[in-house]
Amino acid sequence: MNKQRIGLGYDVHRLRVGRRLILGGVHISSPQGLVGHSDGDVLIHAVMDALLGAVGLGDIGTHFPPSDPAYKDASSLTLLKRVVELLEQAGWAPRQISAVLVAERPRLSPYVPQMRQNLAQVLGRPAEDVSIQVTTHEGLGALGRGEGMASWATALVYKSEPGAKS
Ligand code: MG
């Protein structure tokens, strides 16, 4: 039987006028984008931490420190690819992601299919294994005032054993 593990990731980023808004690797037309050392893709950051957490490999701050200029404005899809490689080196592979993106505006549901495709491609899974739900914060608190966006993600990973089916 294959070994399986689950992981949880959470991230939050501030919004700032003049930044590009990138979510799930999709460039979304918006007057403001997420502040971050990389492209600020809060959804992918939560997914990466869920994957790393599942296998006890630390977090993205350890692997991609903000102090390292190599990650300035880095594409989070590229960083996700690196996380998948780290898992592979430890004998693990992603099986399923379920993520929630909290954003007061703009309306994000039209972009969800492309986000799922982008993540699925890097994870080497079909798009149906990558669930992304978008919701608002109902006007409550900083997220509700549109000062930033947050994301939660869970990841299921498996370890292949000889002769076992994945
Ligand atoms: Mg982040």
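In this predicted model, helix α1 (residues 42–54) packs with helix α3 (residues 76–89) at an angle of about 5°, and their axes lie 10 Å apart. Axes here are lines fitted to C-alpha atoms, for helices over the stretch in contact, with angles running from 0 to 180 degrees between N-to-C directions. That angle makes α1 roughly parallel to α3, a label for angles under 35 degrees. Helices (H or I, at least four residues) and strands (E, at least two) are DSSP runs, numbered from the N terminus.

On the α1 side, I44, H45, V47, M48, L51 and L52 meet S76, L77, L79, L80, V83, L86 and L87 of α3, contact meaning heavy atoms within 4.5 Å. Sorted by class, this contact has eleven nonpolar, two polar and no charged residues (nonpolar: Ala, Val, Leu, Ile, Met, Phe, Trp, Tyr, Cys and Pro; charged: Asp, Glu, Lys and Arg; polar: the others, Gly among them).

Then there is the sheet. Five strands make up an open sheet with mixed pairing, in the order β4-β1-β7-β5-β6; two strands pair if DSSP finds at least two bridges between them. At the edges sit β4 (32–34) and β6 (130–135), each pairing on one side only. Neighbouring strands are turned by 20° against each other on average, direction ignored. Strand β1 (residues 3–17) pairs with β4 in the antiparallel sense over three bridges, and L15 stands opposite L34 in β4. Helix α4 (residues 112–123) packs on the sheet, touching β5 (92–102) and β6, and its direction makes about 145° with that of β6.

Residues are numbered from 1 along each chain as its sequence is written. Local features need pLDDT of at least 70, side-chain atom pairs count only at pLDDT 80 or more, totals for chains, interfaces and linings use all residues, and side-chain values use heavy atoms, with hydrogens and water left out.

How values were computed:
Angles under 35 degrees count as roughly parallel, over 145 as roughly antiparallel, 65 to 115 as roughly perpendicular and the rest as oblique.
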